[in-house]
Amino acid sequence: MTNSVFLKPGSGPVYEWLTLTDDIRRPDTGDLERLVQACAGATVILLAPAELVTVREIEFEAAERKLLAQTIRYGLEEDINGDVDELHFAMGKVADNRVPVAVIGRDQLVAWLAPFTEQGIEIGAVIPEQLLVPWADESWTLLADDQRCLVRHGEYGGFALERSATRLGLQLLLNEVGLAPARVTLYADAADQELLAAELPELLRANVDQQDQVYWQAIAQNWQPGAAINLLQGEFVRSLPWLKWWQAWRIAAIVALVAVALQLVVSFAQVNKLEDENLALRAQTEKVYRQVVPRGKIVDPERQLRRKVDALRGQSSEGFTRMFFDVAKVIAAADGVALQSMTYNDNRAEINLTLLAGSFREIETIRTNIEKQDMKAELTGSSNDGGKTRARLRVKG
């Protein structure tokens, strides 16, 4: 029998959860001890509050698919608040060059998971709450949850607001969308349905479907394993069952460790010999450095000597001129590609470019041709701009 527990994050002392089996849907509340008992042997799904998770669906070019994990954050940085380096991005299933992405603060996700980890509760998935609200094409759904109201207006469109702000929030959504849905479905208990219906803007009252279901009933009804975006991706991916694997492979692992140990013994003497030679070479290098520079601190004599020689030769200026000439030659050979900005970092000896091209494939061609000039070209971000592709490249000599 499948046993799942849906759990709202909280700091206690009273927690709220739903136990879901093949034939039982039982909401419950209790202290931490009862929660631990309820989660024993179950798959635990943590519901990420809609107020703290942003879900967007973005479009990308086919050639960009293999780089989505690196570039997805830069494609969304203009639509979300905050530093992208402090946010966690989780992708859903890709279809027709479109992918849904859930965004949440990394520190917030860590804070949610920490207390359950301390109690030995393994979280199997963290799902954005709005994606578990029932929804159908050409309809909007409102789900009452105490003093909150969850709104879902698309496959990946949804948010939460205070009950007192329901009318204003829906009116703003109407203004943004510009078209009323064919149907509005209200999920609330019988005593609350009329109150919730009265909060609808006039334009939404024509076709209302009232469902006598409370929060947990609606969530359980819409749950489909694997269908929603799981935030446990990347650095938050679930840990593997190392103990079970060790029991199954311990003999082979012991044999391998013995073989590695023997190899280490053989290599140890060689390492010591190489270290002695390295120390002798370093001493010789420092001696030569002191002949050239009698005073001053020695950190890396070889690099320090190279810098002094470069300074005498004007290496920085020559390096930039050579890099700029090679990069400009590649860009000039690409039809329809515009150079929007360029900066040069003297300390890092690198050029940062912003290019506007007709497609991502043209950007990739330029990056490849630059690397053919004995330089390293790295894509640091891309986005769509009026049917064209804007991309940033970092070029190092």
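This is a predicted model: local features need pLDDT of at least 70, side-chain atom pairs count only at pLDDT 80 or more; totals for chains, interfaces and linings use all residues.
**Notebook: a helix patch, a sheet and some salt bridges**

**Entry 1: Ile254**

I began at Ile254, which sits in helix α7 (residues 242–292). Residues are numbered from 1 along each chain as its sequence is written, and side-chain values use heavy atoms, leaving out hydrogens and water.

Together with Val258 and Leu262, Ile254 makes a nonpolar surface patch of about 280 Å². A patch takes residues with over 30% relative accessible area and no salt bridge; nonpolar side chains (Val, Leu, Ile, Met, Phe, Trp, Tyr) are joined within 5 Å, and like charges within 9 Å. The areas come from the Shrake-Rupley method with a 1.4 Å probe, and for residues only the protein chains shown count as cover.

**Entry 2: a four-stranded sheet**

Next I traced an open sheet of four strands, in the order β14-β15-β17-β16, with antiparallel pairing. Its edge strands are β14 (338–345) and β16 (376–385), each pairing on one side only. On average, neighbouring strands here are turned by 15 degrees against each other, direction ignored. Axes are lines fitted to C-alpha atoms, for helices over the stretch in contact, and angles run from 0 to 180 degrees between N-to-C directions.

A reminder to myself: strands of a sheet pair through backbone hydrogen bonds, either parallel or antiparallel. I call two strands paired if DSSP finds at least two bridges between them.

How many bridges join β14 to β15? Seven do, and β15 covers residues 350–357. Within this pairing, Tyr344 has Ile351 of β15 as its bridge partner. Between β16 and β17 I found nine bridges, again antiparallel, and Asn384 stands opposite Thr389 in β17. The hairpin of β16 and β17 has two residues between the strands, and there Gly386 takes a positive phi near 60 degrees.

**Entry 3: helices on the sheet**

Helix α10 (residues 360–371) lies across β15, β16 and β17, running at about 165 degrees to β16.

For helix α2, I looked up which residues are buried: Leu68, Thr71, Ile72, Arg73 and Leu76. Their cover includes β5, β6 (87–91), β7 and β16, where contact means heavy atoms within 4.5 Å.

**Entry 4: salt bridges**

How many salt bridges does the structure hold? It holds 18. I count a salt bridge when a side-chain nitrogen of Lys or Arg lies within 4 Å of a carboxyl oxygen of Asp or Glu. Side chains of opposite charge can pair when their charged atoms come close.

Here are the ones I looked up:

- Arg148 and Glu51 meet at 2.8 Å, N to O. They link distant parts of the chain, 97 residues apart: Arg148 is in strand β10 (residues 148–152), and Glu51 is in the loop between β4 (43–48) and β5 (54–59). Arg148 counts as buried because its relative accessibility is 16%, whereas Glu51, at 43%, is partly exposed.
- Glu57 pairs with Arg98, with the closest N and O atoms 3.7 Å apart. Glu57 is in strand β5 and Arg98 in strand β7 (residues 98–105), 41 residues apart. Glu57 is partly exposed at 35%, and Arg98 is partly exposed at 30%.
- Arg205 and Glu202 meet at 3.3 Å, N to O. Arg205 is partly exposed at 37%, and Glu202 is exposed at 61%.

I also noted a network of salt bridges linking Lys8, Glu16, Glu51, Glu129, Asp145 and Arg148.

**Entry 5: Ser139**

Ser139 counts as buried because its relative accessibility is 3%. Which residues does Ser139 touch, not counting those up to four places away in sequence? I listed Arg152, His153, Pro181 and Arg183. Ser139 and Pro181 are 42 residues apart in sequence, yet their C-alpha atoms are 5.1 Å apart in space.

Terms used
Buried means under 20% relative accessible area, exposed over 50%, partly exposed in between (1.4 Å probe, protein chains only).
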